[in-house]
Amino acid sequence: MTKGRSDYVRPVDFKHGRVDMTHGGGGRAMAQLIEELFARAFSNEWLAQGNDNALFTVPAGRMVMATDSHVVSPLEFPGGDIGCLAVHGTINDVAMAGARPLYLAAGFILEEGFPLATLKRIVESMAAASREAGVPVITGDTKVVEQGKGDGLFITTTGIGVVPPGVEISGDRARAGDCILVSGTIGDHGVAIMSLRENLTFETTIRSDTAALHGLVAAMVDAVPTIRCLRDPTRGGLGTTLNEFARQSGVGMLIHESKIPVRAEVNAACEFLGLDPLYVANEGKLIAICPPEDADRLLGAMRTHPLGAGAAIIGEVVADAHGFVQMETSFGGRRVVDWLTGEQLPRIC
Amino acid sequence: MKYIEEFRDGDLARRIATRIRAEARPERSYNLMEFCGGHTHAISRYGIKDLLPGNVNMIHGPGCPVCVLPIGRIDNAIELATSHSAIVCTYADTMRVPASNGLSLMKAKARGADIRMVYSATDALRIAQDNPAREVVFFAIGFETTTPPTAIIIRQAQALGLTNFTVFCNHVLTPAAITHILESPEVRELGIVPLDGFIGPAHVSTVIGSQPYEYFAEEYQRPVVIAGFEPLDVMQAILMLVRQLNEGRAEVENEFTRAVTREGNEKAKSLVADVFELRRSFEWRGLGEVPYSALRIKETYAAFDAERRFGIAYRSVADNKACECGAILRGVKKPTDCKVFGTVCTPENPIGSCMVSSEGACAAHYTYGRFKDIEVRAA
């Protein structure tokens with residue numbers, strides 16, 4: 001009698017295989033995909049327990065929680081991919097409360113037919129981003145939808161973090177006289193994505209700025225605990241974020257076009273695409289508002305961090321019951337920086 | 001940015017502004033119409049009005065291609081996508097222009113119509129090649145600038161022997177619109193619209209040249225200065241118009257010499273002449289029926305004419321009663337004269353076409369300039 005190799009399981013074919021409905025069916029194929037891909041890539045003590053949840057001790061104090069769904073197209077772009085973007089995006093949302101991010105959860109929606117090789121590449125990039133940031137993905141979920149009902153891969157991540165005592169950061173705390181700072185050049189991510197869009201391909205050296213900003217935030221909060229507002233200007237860009245702050249705080253804003261850092265390549269791309277860099281997405285930049293007397297100290301702290309090397313003070317908060325964000329143009333006139341109408345770019349983060 | 005920043009230099013702008021203030025005579029006013037939406041946009045975006053003296057008034061003209069498209073034509077395009085199940089391709093802003101029954105191309109798309117936004121006319125041609133089993137219609141709009149690309153794809157479609165591709169032609173002509181404004185009773189008889197001179201089109205003139213405007217300058221005694229779309233171009237053109245008016249001249253001058261010649265682009269003009277012919281009359285939003293103001297596809301290219309292929313019947317539809325787009329496009333009213341401006345009519349929910357495109361007078365003022373209507377306190 002020949003001895004059957006009952007313990008042998010053919011490994012998932014990450015070279016030529018594709019996602020099929022069984023990968024979300026709850027059976028052996030799904031368990032195998034989770035084990036050989038997700039658990040291996042994210043590898044940590046919580047995932048190793050194999051539960052549908054992750055158990056951890058809650059630290060004392062105040063916690064923040066944020067969630068972000070990622071539907072970017074194309075999935076891979078110069079400077080990053082949907083995987084690292086999903087890690088950075090949620091870490092940043094948590095960090096913008098001045099918090100130290102602790103853990104992430106990730107939900108994957110896969111479309112039937114999606115190449116497993118691409119999935120592996122993206123998951124590994126995501127795991128690398130999470131390791132680099134020191135924020136583990138401790139629980140997750142995978143679903144498969146039929147072909148035509150998804151767009152390859154959607155990732156939702158949720159994160160939690162803890163806010164240091166004394167830090168009070170919120171979009172409604174801007175006061176007239178406060179200074180507005182940006183951590184670096186704007187519009188890099190959106191233009192990198194646009195350069196790959198169908199019908200629109202153009203050659204560029206611009207890379208997405210996708211990055212986890214919690215280290216920069218920690219340095220900022222450390223130097224200036226009185227920071228009033230923080231936000232990463234993702235979809236809708238700088239213009240939208242400032243309008244959000246203005247509305248939440250019941251104030252106006254006045255920014256100076258000549259002080260806003262924009263790469264020449266981004267300006268050029270926006271010029272021929274008919275876009276305004278003020279509304280183009282960023283994934284590794286933040287806007288900070290602080291009392292005027294702390295602005296120089298905050299700027300100094302930002303500039304000593306690699307992710308804030310290009311930081312600048314770009315304007316000030318003004319009293320304005322109508323909540324207008326105005327800009328002094330480099331030309332010498334003044335104009336409104338309004339809410340974006342419709343959308344400048346479809347699906348960029 | 002090379003070739004861009006030179007034309008946005010704030011110091012130079014202030015120097016030109018100083019010249020305008022020095023040369024504009026306080027005892028008179030200078031009422032200048034910028035024909036193009038591109039100029040309207042530059043004026044609002046760069047805050048050019050802030051740099052001008054009070055007696056130099058800018059009047060927005062009808063040169064925004066999306067704004068002058070009448071409701072009936074949008075209705076036709078929606079019918080092509082719904083009743084004829086065609087893939088309708090068009091340029092971005094056209095998607096949001098209000099049509100009948102609360103629809104727009106974008107809303108029709110959300111209801112299942114296959115309407116696609118393209119960045120270039122050739123994209124529409126490619127969609128037709130990729131979808132041989134479907135009818136593909138390019139909803140062509142715009143002034144003389146966008147007409148040559150449409151001519152090219154019609155010729156390419158013929159060369160490729162495509163049988164599923166047609167063009168719904170809505171191309172309109174700048175000189176006819178200027179004549180119409182100058183002939184309007186508001187300008188000619190009633191004097192409601194004081195119109196002393198024109199900032200002539202930028203991109204349109206690269207195609208048709210500066211020669212077609214000589215007639216207006218001569219016949220109507222109004223100076224025309226052709227200007228580029230950069231803010232310094234506009235400032236310089238205003239200075240040149242002020243000088244012409246001060247000296248009692250009514251000539252065509254060309255500020256945009258880096259791109260415009262007297263003759264224009266002969267190749268583009270001959271392409272257009274090969275494919276298109278004049279329509280006897282065409283309805284413009286705001287201006288009504290304007291004789292010989294638009295193009296249609298010639299009999300030779302009838303196979304690529306959506307109007308012939310689908311037997312499109314045009315029905316004129318009146319604008320919303322509260323909407324003042326008509327008067328605004330003729331320069332009779334300002335956006336803020338309209339009751340629904342900024343209240344019912346906003347860029348998110350446009351009632352009229354001027355609120356749709358960023359080149360529209362209402363959208364430009366709402367987006368960039370409306371704080372000027374309201375007092376804002378400094379910190």
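In chain B, strand β5 (residues 136-142) and strand β6 (residues 165-171) pair in the parallel sense over 7 bridges, where strands are DSSP runs (E, at least two residues), numbered from the N terminus, and pairing requires at least two DSSP bridges between two strands. The bridge partner of B:V136 in β6(B) is B:F165. Strand β6(B) is mostly covered, with 7 of its 7 residues buried; a residue is buried if 20 or more other C-beta atoms, placed from the backbone, lie within 10 Å of its own. Both faces of this strand are covered: B:F165, B:V167, B:C169 and B:H171 lie on one side, and B:T166, B:F168 and B:N170 on the other.

The structure is a predicted model, in which local features need pLDDT of at least 70 and side-chain atom pairs count only at pLDDT 80 or more, whereas totals for chains, interfaces and linings use all residues. Residues are numbered from 1 along each chain as its sequence is written, and chains are lettered from A and ligands numbered from 1 in the order in which they are written. The mean pLDDT (the predictor's confidence in each residue, from 0 to 100) of chain A is 92, and 95% of its residues reach 70 or more. Over residues 345-349 of chain A, the pLDDT is below 50. Where pLDDT is low, the predicted coordinates should not be read in detail.

Apart from its neighbours within four places in sequence, B:I238 is in contact (C-beta atoms, placed from the backbone, within 7 Å) with B:I20, B:L32, B:L52 and B:V56.

Between the chains, 28 residues of chain A are in contact with 30 residues of chain B. On the side of chain A that touches chain B, the elements giving two or more residues are α8 (264-273), β11 (312-318) and β13 (334-336). Helix α8(A) gives the most, with 4 residues. By class, this side of chain A has 10 nonpolar, 12 polar and 6 charged residues, where Ala, Val, Leu, Ile, Met, Phe, Trp, Tyr, Cys and Pro count as nonpolar, Asp, Glu, Lys and Arg as charged, and the others, Gly among them, as polar.

How values were computed
Two residues are in contact if their C-beta atoms, placed from the backbone, lie within 7 Å. A residue is buried if 20 or more other C-beta atoms lie within 10 Å of its own, exposed if 12 or fewer, and partly exposed in between; C-beta atoms are placed from the backbone.
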